[in-house]
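Let's take a walk through a protein model together. Have a look at the sequence and the fold, and then we'll go through some of the details.

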Amino acid sequence: MKIKRQAYRTYRDEVPSILKIRTMVLAPKLRFSSFRPHFHYTKLRLTSSSVPSPWSGLRSWRESPLNEDQFWGSDGPQPQPLLQYSQHSLEASGSSLAELGALVLSTSDPLTKSKLSHLAFSKWRNENLPIGLCQPPSRPARPSKPQLVSPKEIPVPKNSGLPLNAYMLHNLAHVELNAIDLAWDTVVRFSPFYHILGEDFFSDFAHVADDESRHFDWCSQRLAEIGFNYGDMPAHNLLWRECEKSSDNVAARLAAITLVQEARGLDAGPRLVQKMVGLGDHRTSSIVARIAEEEIAHVAVGVYWFISVCNKMNRAPCSTFKGLVAFCRLRSYYKSIIWS
């Protein structure tokens, strides 16, 4: 018990500023890095007010047009034709957002999964589908590669067979693929609580899933450009294991996934960009910078809905967050596993 308390105190002390929930109102405090002017990430705080005040960019993110920029061109993101067979599969298999999400979760091929994710969100946006009800698979379908091992078995860069830029990019691609499933699992798993959570909750997380599918496409494309593929080295299953711990608790899901995993990327993103620049891989650094910038909205969504759920339960977000983090036994090594 003493060891567990010490481990928790270590984790608590290492939580980045974005997770130190001192307030209850989400305020837009932008901290600009030394990168290009468009690249920034957000320090989110909470106050004692009971009414959430969202990040200033949240409304524009929610109202933004469908983003078709699944391809990274010479000047940055640009559209790419989608797979027609995926369109037919979606039309035949999903008549609600939850059914479409379950289809994505049941798809093993990574690139097909990302395309279906985008098509599912497109169908939701364009056809006014209901949320619906659907049972998610016990765990998402996965390809035969990469081999999933414990975090301790992940090879160090020099033993991975990949150059350092490909090694780090592969790790990021793995995070983004998991993020697609984590967002859709949130939509599908909690669809029975539609009348409590409201339509906007599910719309936001379907939107997050769409962003993550675009991020995976960029990472996968860039890996191919430098001569490698997703699956060329082992990966861990830690992200999904932690997701399973929150399968029956929407507040725990929001705390574990968006307030910890997503939020740490905001602090780690600039460091990864700097590493890529140091390696002379400026194209990959641009991709990572854009991904990190777009993750701001995902953390803002998580904070917004975490506060909303806490308010519905008449619970204080600060103490609730701390209790849920302890409950889920989240460790401070997330940061090194995900972004190192």
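## Two helices side by side

Which residues in α5 meet which residues in α8? From α5 come Pro110, Leu111, Ser114, Lys115, Ser117, His118, Phe121, Trp124 and Arg125, and they meet Glu199, Ser203, Ala206, His207, Ala209, Asp210, Ser213, Phe216, Asp217 and Ser220 in α8. Contact here is heavy atoms within 4.5 Å. Helices are DSSP runs of H or I with at least four residues, strands are E runs of at least two, and both are numbered from the N terminus.

The model is predicted, with local features needing pLDDT of at least 70 and side-chain atom pairs counting only at pLDDT 80 or more, while totals for chains, interfaces and linings use all residues. Residues are numbered from 1 along each chain as its sequence is written, and side-chain values use heavy atoms, leaving out hydrogens and water.

Back to the pair: α5 (110-127) and α8 (199-225) pack at an angle of about 145°, and their axes are 9 Å apart. The axes are lines fitted to C-alpha atoms over the stretch in contact, and angles run from 0 to 180 degrees between N-to-C directions.

## The nonpolar core

Now for the inside. The largest nonpolar core has 76 residues, and those with the most contacts inside it are Leu97, Trp184, Phe201, Phe202, Leu254 and Phe306. Such a core is a set of buried Ala, Val, Leu, Ile, Met, Phe, Trp, Tyr and Cys residues joined through side-chain atoms within 4.5 Å. Buried means under 20% relative accessible area, exposed means over 50%, and partly exposed is in between (1.4 Å probe, protein chains only). Helix α11 (282-312) is one of those supplying at least two residues, and the largest share, 15 residues, comes from α11.

Take Leu254: leaving aside residues up to four places away in sequence, Leu254 touches Phe201, Phe205, Leu259, Gly302, Trp305, Phe306 and Val309. Val260 sits in helix α10 (residues 250-278) and is buried, with a relative accessible area of 0%. Val260 and Val325 are 65 residues apart in sequence, yet 8.7 Å apart in space, C-alpha to C-alpha.

The loop between α5 and β5 (148-149) holds Pro146, which a cis peptide bond joins to Lys145, with omega about 10°. Asn128 is found in the loop between α5 and β5 too, and its phi is near 55°, a positive value in a residue other than glycine. Is Asn128 buried or exposed? Asn128 counts as exposed because its relative accessibility is 71%.
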